[in-house]
Amino acid sequence: MPRGGPPRRHPPRRGRTETEHRHDTQENVMSTHTIAFIGLGVMGGPMAANLVRAGFDVVGYNRSPQRAQALTAAGGRVAASAIEAATGADTVITMLPDSPDVESVVLGEGGVLECMRPGSLLVDMSTIRPDVARRLAETGRDSGVRVLDAPVSGGEQGAVEAKLSIMVGGEEEAFEAARPVFDALGTTVVHVGPAGAGQTVKAANQLIVAGVIGLVSEALVFVDAHGVDPDQAVRVLAGGLAGSTVLDRKAASMLARDFTPGFRVDLHHKDLGIVTAAAREAGVAIPLGGLVATLMGSLRAQGHGALDHSALLLELERMSGRGETADS
């Protein structure tokens with residue numbers, strides 16, 4: 001026995017667990033995975049910032065340069081054009097206002113498809129027509145680019161908190177490849193079917209949201225007309241079957257007549273146009289949807305397109321001869 005007693009036994013070096021290895025590998029993959037994010041508006045800006053926080057290399061582009069400052073502050077990079085952002089990217093995300101914007105950026109002369117390499121991902125998270133989404137997928141397939149339509153729901157708050165609901169259309173393999181990106185942006189991520197299916201489900205979402213906002217507006221005008229405290233009414237309604245995310249997130253600001261846009265009337269008016277056109281194409285009757293689309297269009301025609309869509313309350317008040325006009 002050596003002098004000084006028995007040899008000291010050092011604890012064996014702990015090997016890295018499979019979970020730790022997987023986590024480190026994922027972090028490494030994310031840090032080397034470049035995402036081009038085109039459209040850094042109310043929704044796109046916080047979404048791009050969340051991708052940076054998740055460890056992705058993000059380069060963004062926005063037509064209004066001041067919108068890109070938040071991405072720089074979050075640690076992302078900014079490009080001078082959409083094509084510059086997309087060149088060399090593993091995934092290109094578009095978050096743009098309408099179908100023509102997406103078509104121009106993706107399919108137009110100098111569009112991002114021209115610089116994307118085969119096998120890369122194009123994920124359109126805008127809200128556009130389902131037929132346009134299908135055309136994007138077909139054109140991408142011809143170039144070897146995997147295309148997904150992945151519109152979101154949850155509004156600005158959901159984008160900021162990375163708690164969006166994401167409905168995805170496209171090939172299953174492409175969906176699985178994009179899953180780490182989606183998981184950094186939302187809490188409900190569902191592959192709903194082939195190309196265009198995501199936009200179809202988003203149209204249904206916008207139909208429901210507009211209808212509920214319309215009914216909440218009617219209810220607030222109704223209880224106020226009967227002299228009932230609307231704050232107390234909302235409190236009890238939210239706890240029963242009438243409760244909804246719309247009631248939880250919008251009622252307080254509606255009562256305060258604060259229509260700071262989280263989702264503008266202009267955009268919801270556009271979305272309801274998509275709904276009505278797609279319903280007509282499929283031969284589906286949407287009587288309630290048609291009515292709320294008319295109400296949203298009337299609100300917009302009165303100059304309130306820049307307000308939050310919860311300003312539908314103003315239209316119901318006007319029709320009832322109550323309330324005051326808000327500044328747009």
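The model is predicted, so local features need pLDDT of at least 70 and side-chain atom pairs count only at pLDDT 80 or more, while totals for chains, interfaces and linings use all residues. Residues are numbered from 1 along each chain as its sequence is written, and side-chain values use heavy atoms, with hydrogens and water left out.

**Overall make-up**
- The protein has 14 helices and nine strands; these are DSSP runs (helices H or I, at least four residues; strands E, at least two), numbered from the N terminus.
- Of the 328 residues, 45% are buried (under 20% relative accessible area with a 1.4 Å probe, protein chains only; exposed means over 50%, and partly exposed is in between).

**Helix 12 and helix 13**
- Residues 265–282 form helix 12 and residues 287–304 form helix 13; their axes come within 9 Å and cross at roughly 145°. Axes are lines fitted to C-alpha atoms over the stretch in contact, and angles run from 0 to 180 degrees between N-to-C directions.
- Among the residues in contact (heavy atoms within 4.5 Å), helix 12 includes Leu-272 and helix 13 includes Met-296.

**Salt bridges**
- The count is 14 salt bridges, each a side-chain nitrogen of Lys or Arg within 4 Å of a carboxyl oxygen of Asp or Glu.
- Asp-90 pairs with Arg-117, the closest N and O atoms being 2.5 Å apart. Both lie in loops, so the pair ties together parts that are 27 residues apart in sequence.
- Arg-179 and Asp-183 form a salt bridge at 2.9 Å, N to O. Because they are four residues apart in helix 8, about one helical turn separates them.
- Arg-264, Asp-266 and Arg-300 are linked in a network.
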